[in-house]
Amino acid sequence: MKGEIIMIGNIHSIETFGTVDGPGIRYVIFTQGCLLRCQFCHNADTWEIGTGKQMSVSEIIDDLKSYLPFIEASGGGITVSGGEPLLQIPFITELFKECKKLGVHTTIDSSGGCYSTAPLFQQQLAELLNYTDLILLDLKHINRKKHIKLTGMANDHILDFALFYLTIQFQFGFAMYWFLVSQMKSRISPN
Ligand code: SF4
């Protein structure tokens, strides 16, 4: 259609029968690009930003529709993971808008590695939350030094991200997120 903006995302891969990334059976999208460098990352090929397969929102929605009977029967939905999904907020927002038109439960699985208090990021995040049912915040380590050792990055802004969601939770009066404390935590040395 003339003048239509086609939103494109950089996608690493898609799992159509996920069972560990939120409630029920999930259509899981692993986005391309991540700022962290976790020692035990199982998806290191998602790190590079701007690569991966370019897919439009409509391509993904068309594919998702064929799995909806299974997803809906299980109380599931769609989860966008990574990589780091919040590196592509405008794309995910458009995707989730279309999911909500279909009544699909929407989840983001994020490490919080790109969280920022910059006005543009906050504005985009607020828009995304209008269409998001659940946040999975995968905190790699609560201790700053150990977080740096484990991921190559300090966790100050990630803890800010957690506080941000606590605020949202109280504001909306219901639990919007789960904390995931990474299994990698147990693998780091006590020093
Ligand atoms: S946040 Fe996830 S994708 Fe990124 S380096 Fe860590 S484990 Fe890998």
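What percentage of the contacts in the protein with a separation of 6 or more do residues 24 or more positions apart account for? The share is 77%, where two residues are in contact if their C-beta atoms, placed from the backbone, lie within 7 Å. This is a predicted model, in which local features need pLDDT of at least 70, side-chain atom pairs count only at pLDDT 80 or more, and totals for chains, interfaces and linings use all residues. Residues are numbered from 1 along each chain as its sequence is written.

**Overall architecture**

- The protein has 6 helices and 7 strands; helices (H or I, at least four residues) and strands (E, at least two) are DSSP runs, numbered from the N terminus.
- Along the sequence, these elements follow the pattern β-β-β-α-α-β-α-β-α-β-α-α-β.
- Of the 191 residues, 36% count as buried. A residue is buried if 20 or more other C-beta atoms lie within 10 Å of its own, exposed if 12 or fewer, and partly exposed in between, with C-beta atoms placed from the backbone.

**Helix H3**

- Helix H3 covers residues 89-101, and its 13 residues should span 18 Å at 1.5 Å a residue. The expected span is 1.5 Å times one less than the number of residues. The end C-alpha atoms of H3 are 18 Å apart, which agrees.
- The buried residues of H3 are Phe91, Ile92, Glu94, Leu95, Phe96 and Cys99.
- An α-helix has 3.6 residues a turn, so residues three or four places apart point the same way.
- The elements against which the buried residues of H3 pack are strand E1 (8-18), helix H1 (57-65), strand E4 (77-81), strand E5 (105-110) and helix H4 (119-129).

**The crossing of H1 and H3**

- Two packed helices are described by the angle between their axes and the distance between the axes.
- The axes of H1 and H3 cross at roughly 35 degrees and come within 10 Å. Axes are lines fitted to C-alpha atoms, for helices over the stretch in contact, and angles run from 0 to 180 degrees between N-to-C directions.
- This crossing of H1 and H3 is right-handed, a term used if the near helix is turned clockwise from the far one by less than a right angle, with anticlockwise giving left-handed.
- At the contact, Val57, Ile60 and Ile61 in H1 meet Glu94, Leu95 and Glu98 in H3.
- The residues of this contact divide into 4 nonpolar, no polar and 2 charged. Ala, Val, Leu, Ile, Met, Phe, Trp, Tyr, Cys and Pro count as nonpolar, Asp, Glu, Lys and Arg as charged, and the others, Gly among them, as polar.

**The loop between E4 and H3**

- Glycine 83 is found in this loop between E4 and H3, and the peptide bond to glycine 83 from glycine 82 is cis, with omega near 10 degrees.
- Leucine 87 also belongs to the loop between E4 and H3. Leucine 87 is buried because 20 other C-beta atoms lie within 10 Å.
- Leaving aside neighbours within four places in sequence, leucine 87 is in contact with Gly33, Ile49 and Cys114. The C-alpha atoms of leucine 87 and cysteine 114 are 6.7 Å apart, although 27 residues separate the two along the chain.

**Aspartate 109 in strand E5**

- Aspartate 109 lies in strand E5 and counts as buried because of its 27 C-beta neighbours inside 10 Å.
- Not counting residues up to four places away in sequence, aspartate 109 touches Asp21, Thr79, Val80, Ser81, Pro85, Leu136 and Asp138.

**Residues around the ligand**

- The residues around the ligand include Cys34, Arg37, Asn43, Gly82, Gly83 and Ser111; a residue is near a molecule if its C-beta atom, placed from the backbone, lies within 6 Å of it.
- By class, this shell has 4 nonpolar, 6 polar and 2 charged residues.
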